[in-house]
Amino acid sequence: MKKLIYSIMLAVITLAAQAQILTPVKWKIKLDDKGGAADKEIIFTATADKGWHLYDMNLPEGGPVSTSFTFETLTGAELVGTPTPSVQPTTVYDEQFAMNLRWYAGSVSFTQKIKITDPAKFKAEGEVEFMACNDETCLPPDRISFAFDKKSIHVDPAMAAATPESTGQAPDAQPEEPAVAEEAQEESSAPIASPEPSSAASAGSNALTDSPRLWTPVIDQLKSFGDSTVTATDTSWLFIFFAGFLGGLVALLTPCVWPMIPMTVSFFLKRTKDRKKAIRDAVTYGLSIIVIYLAMGLLITGIFGASALNDLSTNAIFNIIFFLLLVVFAISFFGAFELVLPSSWTNKLDSKADSTTGVLSIFFMSFTLVLVSFSCTGPIIGTLLVQAASMGTAVGPAIGMFGFALALSIPFSLFAIFPNMLQNMPKSGGWLNSVKVVLGFLELALALKFLSVADLAYGWRLLDREVFIVLWIVIFALLGCYLLGKIKFSHDSDLKYVSVPRLFMAIISFAFAIYMVPGLWGAPLKAISAFAPPLYTQDFNLYKNEVHAAFDDYESGMAYAKKVNKPVMIDFSGFGCVNCRKMEASVWTDPTVKQILENDYVLITLMVDDKTKLPNPIEIEEFGKTRKLKTIGDKWSYLQRSKFGANAQPFYILLDGEGQPLGPSYAFDEDVSKYIQFLQNGLKEFKK
């Protein structure tokens with residue numbers, strides 16, 4: 001009952017916090033007694049939510065925080081070896097750290113063997129330190145304490161006493177259950193915002209602060225500002241859907257699909273004298289197309305599963321396969337060959353459509369369309385599925401296929417309802433093949449993005465940033481030449497003149513190629529920052545326009561801001577925060593943002609994963625539990641949790657000299673105009 005009440009209180013306080021508190025990793029720690037033998041095992045089991053992971057032990061220096069197990073007290077026993085994980089970690093190359101990183105997704109257990117030397121004096125106390133990340137953000141390092149004593153073990157096999165309990169276990173625990181550390185039983189991995197400042201804020205060498213007002217929680221004030229911390233959980237779904245929808249519209253313009261629109265619609269209108277029934281049949285035909293493609297997307301999701309699709313985005317082997325696949329698609333679009341399914345499949349479905357009636361007949365007809373048009377739609381679908389899989393969204397393929405099928409099916413239904421529109425459709429011709437060739441150039445450019453990931457993973461350094469940009473410049477320059485008729489492929493018709501649409505597309509292609517030229521000397525090229533390799537891979541870089549914080553200590557920065565009468569922007573960041581680096585590279589380098597940060601604000605950057613030890617550990621209280629802050633990063637992480645109710649980075653907050661917010665917080669969003677508005681609104685509030 002006590003645990004239930006605690007859980008309810010925890011949920012209420014969490015919901016009250018405006019900014020989201022993330023708890024993606026839960027720990028369960030138990031001591032395996034092994035029936036009284038001297039050799040015991042302490043098993044640390046971590047379970048990460050879908051999409052999250054924690055890092056392996058003993059990562060290289062300069063990387064994120066490794067998982068570690070510290071025994072602060074160990075008497076009456078000795079450690080045997082080191083903790084052993086139950087599964088092999090996933091190894092990926094991280095562009096930001098320029099190193100291979102190892103992590104565990106799902107569930108993993110670490111087993112530490114111990115040997116009891118003196119049962120009467122046995123005592124083991126310590127903590128687990130770990131860091132949880134996903135593809136978008138990393139939480140600050142966190143610690144989970146554990147404690148066992150002589151009550152937790154027995155060494156006489158003949159004893160019929162109850163199975164040992166861990167320190168602090170509930171008195172009604174069943175005797176046969178293994179000991180579980182109290183801290184881990186609460187299933188908490190990331191600390192939650194505390195409604196009050198710590199009592200450790202009083203004076204003394206162990207004090208959290210000499211200025212308690214600066215640590216007073218302001219969660220309610222942020223709520224009154226309408227604070228909405230940016231989350232990106234659904235944006236990838238929308239992106240995949242619209243990418244699929246756009247792919248479907250493009251597929252309509254291919255030589256395999258476009259001519260079939262009037263043929264198919266005319267067939268439905270002629271198969272019955274009842275126009276209403278013909279329209280119903282055509283709508284059913286369109287819905288059947290959606291069902292078929294959606295089923296294909298769900299099948300792919302079912303085969304690969306959520307975790308496998310998430311791994312595709314960083315797995316080097318898969319990225320090489322994707323690269324080769326897209327190159328094959330591009331060559332096919334250029335006219336070297338066609339991707340055609342076996343004709344027997346089409347013939348069988350055609351005969352099924354003729355021999356059946358009603359809805360089933362229409363379904364087989366739509367399946368025939370899918371197969372017949374595969375030579376044109378296959379590369380588009382393949383590219384869509386590759387992109388959906390690489391984004392790590394488990395339902396991505398299904399969402400993308402739904403968008404694709406929706407766009408593909410709409411014309412069949414619309415033209416059946418309004419058959420007069422068929423007369424205004426452009427006739428089939430060489431322009432349809434030109435669409436395929438343009439798609440081939442785009443496929444080739446996109447393929448380089450996947451090769452870049454593999455190149456970084458293996459450290460080949462074949463596709464550094466300047467090489468990547470040169471290849472894109474060449475590809476889009478050649479695309480412009482093709483659109484002007486200067487390049488001709490085997491299946492192209494003679495181009496007697498350049499139409500206005502082709503001219504404008506050529507202008508866009510040439511302009512984009514020229515736009516990328518300054519990137520050869522280090523220009524950020526924000527438009528392609530998601531595709532190009534990181535700037536550190538470039539050998540020749542003339543771009544120097546970074547913003548650096550004036551303070552890395554909260555209270556020193558606040559004191560200076562009050563002295564000069566300026567507002568403060570606190571930047572909660574981390575050495576292992578990739579999105580923090582993205583914001584600094586794409587937003588802070590904007591001239592307006594740079595001018596405001598350097599002239600109008602006192603910028604304080606607090607690294608929540610700073611491992612520098614504090615002179616003395618600081619004890620704080622969070623929801624009735626005593627925790628120790630041992631590093632500078634611990635202190636800043638606690639500040640973010642307790643004062644602002646958040647624990648994800650990047651996290652930006654504007655304050656006055658008294659530590660009161662000047663507006664809502666700001667998280668990861670690379671929209672420069674929004675960030676400028678965020679800063680300007682804070683200045684206006686400060687001047688009031």
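**Questions on a predicted model**

Colleague: In which helix is the place of Arg641?
Modeller: This is a predicted model, and its helices are counted from the N terminus. The run that covers residues 632-644 takes in Arg641, and that run is helix 18.

Colleague: Is Arg641 buried or exposed?
Modeller: The relative accessibility of Arg641 is 3%. The cut-off for buried is under 20%. Arg641 therefore counts as buried.

Colleague: What distance has the polar contact between the side chains of Arg641 and Ser637?
Modeller: A polar contact needs N or O atoms within 3.5 Å. The side chains of Arg641 and Ser637 are joined by such a contact, at 3.0 Å.

Colleague: Which kind of aromatic pair do Phe572 and Phe644 form?
Modeller: The structure has 34 aromatic pairs. For Phe572 and Phe644 the ring centres are 5.8 Å apart and the planes stand at 65°. Planes over 60 degrees apart fall in one class, so this pair is edge-to-face.

Colleague: How many residues apart in sequence are the parts that the pair of Phe572 and Phe644 ties together?
Modeller: Both Phe572 and Phe644 are buried. Phe572 belongs to strand 13 (residues 568-573), while Phe644 belongs to helix 18. The pair therefore ties together parts whose separation in sequence is 72 residues.

Colleague: What is the bridge partner of Thr73 in strand 9?
Modeller: Strand 4 and strand 9 (residues 123-130) run antiparallel and are joined by seven bridges. In strand 9, Thr73 has as its bridge partner Glu125.

Colleague: How far apart are the closest N and O atoms in the salt bridge of Asp56 with Arg102?
Modeller: The count of salt bridges comes to 13. A salt bridge needs a nitrogen within 4 Å of a carboxyl oxygen. In the one between Asp56 and Arg102, the closest N and O atoms are apart by 2.9 Å.

Colleague: Is Arg102 buried or partly exposed?
Modeller: Asp56 is buried, at a relative accessible area of 7%. Arg102 has 24% relative accessibility. Buried needs under 20% and exposed over 50%, so Arg102 counts as partly exposed.

Colleague: How many residues apart are Lys630 and Glu127, which form a salt bridge?
Modeller: Lys630 and Glu127 have their closest N and O atoms 2.9 Å apart. Lys630 is in strand 16 (residues 625-631) and Glu127 in strand 9, and this pair links distant parts of the chain. The separation is 503 residues.

Colleague: Is Glu127 buried or exposed?
Modeller: Lys630 counts as buried at 14% relative accessibility. For Glu127 the relative accessibility is 10%. The limit is under 20%, so Glu127 too counts as buried.

Colleague: Which strands does the salt bridge of Glu129 with Arg143 tie together?
Modeller: The closest N and O atoms of Glu129 and Arg143 are 3.5 Å apart, and both residues are buried. The parts tied together are 14 residues apart in sequence. They are strand 9, with Glu129, and strand 11, with Arg143.

Colleague: Which residues are linked in a network of salt bridges?
Modeller: Lys630 forms a salt bridge with Glu127, and Glu129 forms one with Arg143. The network links Glu72, Glu127, Glu129, Arg143, Lys630 and Asp634.

Technical notes:
Residues are numbered from 1 along each chain as its sequence is written. This is a predicted model: local features need pLDDT of at least 70, side-chain atom pairs count only at pLDDT 80 or more; totals for chains, interfaces and linings use all residues. Side-chain values use heavy atoms; hydrogens and water are left out. Helices (H or I, at least four residues) and strands (E, at least two) are DSSP runs, numbered from the N terminus. Buried means under 20% relative accessible area, exposed over 50%, partly exposed in between (1.4 Å probe, protein chains only). A polar contact is a pair of N or O atoms within 3.5 Å; within protein, one must be able to donate a hydrogen and the other to accept it, and residues adjacent in sequence count only if both atoms are side-chain atoms. Rings of Phe, Tyr and Trp (its six-membered ring) pair if their centres lie within 6.5 Å; planes under 30 degrees apart count as stacked, over 60 as edge-to-face and the rest as tilted. Two strands pair if DSSP finds at least two bridges between them. A salt bridge is a side-chain nitrogen of Lys or Arg within 4 Å of a carboxyl oxygen of Asp or Glu.
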